[in-house]
Amino acid sequence: MNTANITWMLAETGIKAFVIVNIILVMASAEVWLERKVCAWIQKRNGPNRVGPFGLLQPFADVVKLFMKEDIIPAAASKNFHRLAPLLSLMMAVAVYAVIPYANYVDVMGHRVYLGIAPNLNIGLLYILAMTTLGVYGITLAGWSSNNKYSLLGGLRSSAQMISYELSMGMALIGVVLVSGTLCLNGVIDKQVGWFWHWNVFCQPIAFIIFTVASFAETNRAPFDLPEAEPELVGGFNTEYSGMKFGMFFLAEYANMATASCFIAILFFGGWQLPFPQEMLGLKDGSVQLALAQFSSFFIKMLLFIFFFIWVRWTVPRFRYDQLMSLGWKILLPLSILNALFTAIAIIVFKL
Amino acid sequence: MDLQFILFFVFGTLAIASASATVLSKNPVVSAMALVFHFCTLACVYFTLNAQFVGALQVLVYAGAIMILVIFVIMLLNLGNEKAFAEKFNYRKGIAIMLGASFIIMLATSFLSKNYITNQMPASSLKNGTVEKIGLDLFTSYIYPFEAIALLLCVAVVGAIILAKKKISH
Amino acid sequence: MIHSVPLEYYLLLSGIIFTIGALGVLTRRNAIIIFMCIELMLNSVNLTLVSFSSFLGDTAGQIFVFFVMAVAAAEATVGLAIVLALFRNQQTIYVDEVNLMKW
């Protein structure tokens with residue numbers, strides 16, 4: 001690899017990474033606004049409507065407020081880990097976006113630029129799973145380092161829950177991987193080309209349901225938001241956090257929700273594929289217009305799932321902890337193993 | 001300097017530093033977190049060897065599954081700092097450190113005093129690290145060891161449950 | 001043939017990590033830390049296997065690493081269960097205080 005190639009690669013990756021990180025953070029704030037508006041709509045209220053038009057600037061006001069707050073570290077806390085935990089959480093939430101493809105590619109000055117930092121990574125799915133498991137450390141350490149029994153319980157609960165549901169999530173993924181024959185995210189999307197009935201959700205419906213339920217648990221969202229169950233645990237693992245450190249956990253939670261939505265859209269709803277064959281648009285591969293169409297297709301799918309996450313949060317009551325564990329281990333895990341088994345048998349029998 | 005060289009030296013140094021932190025720190029949680037970091041740096045070293053699948057598994061299995069379990073146990077037992085580690089320098093520790101140092105010196109001299117070095121990697125190793133190649137070999141040539149490993153994991157799960165469950169007194 | 005970092009450097013790195021792990025096993029008293037040092041040693045062996053696999057152009061080494069990881073996972077579950085049982089019965093996990101069977 002010569003120097004010019006390396007320079008081009010570094011410049012390209014750097015620009016992409018800069019843009020994507022900024023979009024994630026703005027998206028996370030936009031999700032907070034969306035969550036409050038949808039929640040208000042479901043509960044027949046108005047929601048935020050004071051700051052900016054339709055209250056659109058409310059999340060920025062919240063961020064400013066969080067910055068102004070005093071940053072308290074409890075005297076008996078383990079200080080370094082208390083500082084490290086929110087960083088770790090946010091870092092892992094953002095790192096996942098490195099492999100997500102946002103559209104296919106555009107040709108710029110003779111170079112083929114893929115839209116996404118490393119969408120053709122051979123181990124894309126494993127990378128995402130690895131980063132989400134590392135995200136557990138942030139929460140566990142936050143719970144432990146606060147030196148508070150409620151925090152500790154919240155942190156342990158959350159990590160136990162995330163580990164349990166990761167299993168069924170991984171097993172559900174095996175069905176999708178068997179159907180698409182690759183772990184690379186662009187490869188999975190390429191297999192779902194054409195009309196929308198080629199999307200994986202129609203040949204892997206059980207995997208889709210298991211995966212969606214598991215991602216609710218993975219992101220610690222209702223109905224599985226036991227780590228921050230207010231009535232029993234004060235505030236869960238982030239009880240002792242204030243100021244922008246609390247804000248970082250908050251951002252990480254919403255970034256994770258967006259990740260889960262992207263992931264569902266890519267694996268089961270064709271990612272950036274349009275719902276009809278893209279030849280019908282009459283645009284050639286690598287043109288900016290086609291990339292824009294693909295990006296909007298992806299973005300709309302992602303927004304729909306974010307809306308779904310919020311909708312579930314404000315309509316379904318919280319599970320009890322033993323119910324959560326028995327759902328994960330006794331229903332979802334066997335079901336996902338059976339799904340993988342039947343998919344494998346079907347592939348051999350029908351020579352797919 | 002090549003990109004691969006830079007990556008190897010950066011991650012190799014970090015790996016050695018975090019391994020030393022694991023052994024030297026008194027607080028078990030610091031040790032465990034240093035080990036997690038060590039596993040991640042080692043995964044990066046695997047990437048410089050074109051072993052992508054093994055690198056991803058390293059993070060997924062070691063950092064994601066095994067170390068979470070270890071941290072769980074440490075938090076469950078609520079261990080404090082180990083007191084006697086910093087005590088007087090006894091002869092056993094001295095012998096251990098001397099043996100370790102001489103082992104490293106022996107390795108270094110035997111590896112680096114040769115008049116040739118192996119710095120040519122066959123081109124096939126680029127393909128060997130991918131999921132497809134390893135999966136193919138695993139389920140054809142190595143299918144019996146694979147089944148044996150499945151059995152071992154099953155036995156380990158049963159054993160762990162029997163060992164760790166509370167005795168119910170009647 | 002691809003020009004790369006010499007195999008000897010990888011082996012030396014692996015040897016250093018192995019030595020650190022072995023020193024940890026010999027000098028620490030906390031059973032969990034001893035356990036973590038064993039993981040360190042296993043990992044250094046994995047590094048050797050992966051580097052030989054890459055330099056020989058053969059997948060066998062990487063498949064062995066896969067097996068080593070599975071064994072390490074099995075070892076972790078059983079080992080930590082033993083540590084828990086030990087703590088429940090003896091209220092300590094320092095290996096020099098567990099001397100019931102010592103004569």
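Colleague: Where does B:Asn50 lie?

Modeller: B:Asn50 sits in the loop between α2 and α3 of chain B. Helices here are DSSP runs of H or I with at least four residues, strands are runs of E with at least two, and both are numbered from the N terminus. Do keep in mind that this is a predicted model, where local features need pLDDT of at least 70, side-chain atom pairs count only at pLDDT 80 or more, and totals for chains, interfaces and linings use all residues. Residues are numbered from 1 along each chain as its sequence is written, while chains are lettered from A and ligands numbered from 1 in the order in which they are written.

Colleague: Why is B:Asn50 called buried?

Modeller: A residue is buried if 20 or more other C-beta atoms lie within 10 Å of its own, exposed if 12 or fewer, and partly exposed in between, with C-beta atoms placed from the backbone. B:Asn50 has 22 other C-beta atoms within 10 Å, so it is buried. Its phi is near 65°, a positive value in a residue other than glycine.

Colleague: And what makes A:Lys44 exposed?

Modeller: A:Lys44 has 6 other C-beta atoms within 10 Å, so it counts as exposed. A:Lys44 belongs to the loop between α1 (3-42) and α2 (58-68) of chain A, and its phi, near 55°, is positive too in a residue other than glycine.

Colleague: Why is B:Leu152 called partly exposed?

Modeller: B:Leu152, in helix α7 of chain B, has 16 other C-beta atoms within 10 Å, which is why it is partly exposed. B:Leu152 touches C:Ala70, C:Val71 and C:Ala74, leaving out residues up to four places away in sequence. Two residues are in contact if their C-beta atoms, placed from the backbone, lie within 7 Å.

Colleague: What makes the buried residues of α1(B) line one face?

Modeller: The buried residues include B:Phe8, B:Gly12 and B:Ala19. Seen down the helix axis, the buried residues of α1(B) fall within an arc of 140°, so they line one face; the arc is that of the directions from the helix axis to the C-beta atoms. On the other side of α1(B), B:Ile6 and B:Thr13 are exposed. The buried residues pack against α2 of chain B, together with α1 (7-27) and α2 (31-56) of chain C.

Colleague: Which chains share the most contacts?

Modeller: Of the two pairs of chains in contact, chains B and C share the most. There, 70 residues of chain B meet 63 residues of chain C. The side of chain B that touches chain C has 50 nonpolar, 16 polar and four charged residues. Ala, Val, Leu, Ile, Met, Phe, Trp, Tyr, Cys and Pro count as nonpolar, Asp, Glu, Lys and Arg as charged, and the others, Gly among them, as polar.

Colleague: What makes β1(B) a partner of β1 in chain C?

Modeller: Strands pair if DSSP finds at least two bridges between them. Two bridges join β1(B) to β1 (residues 2-3) of chain C, and the strands run antiparallel.
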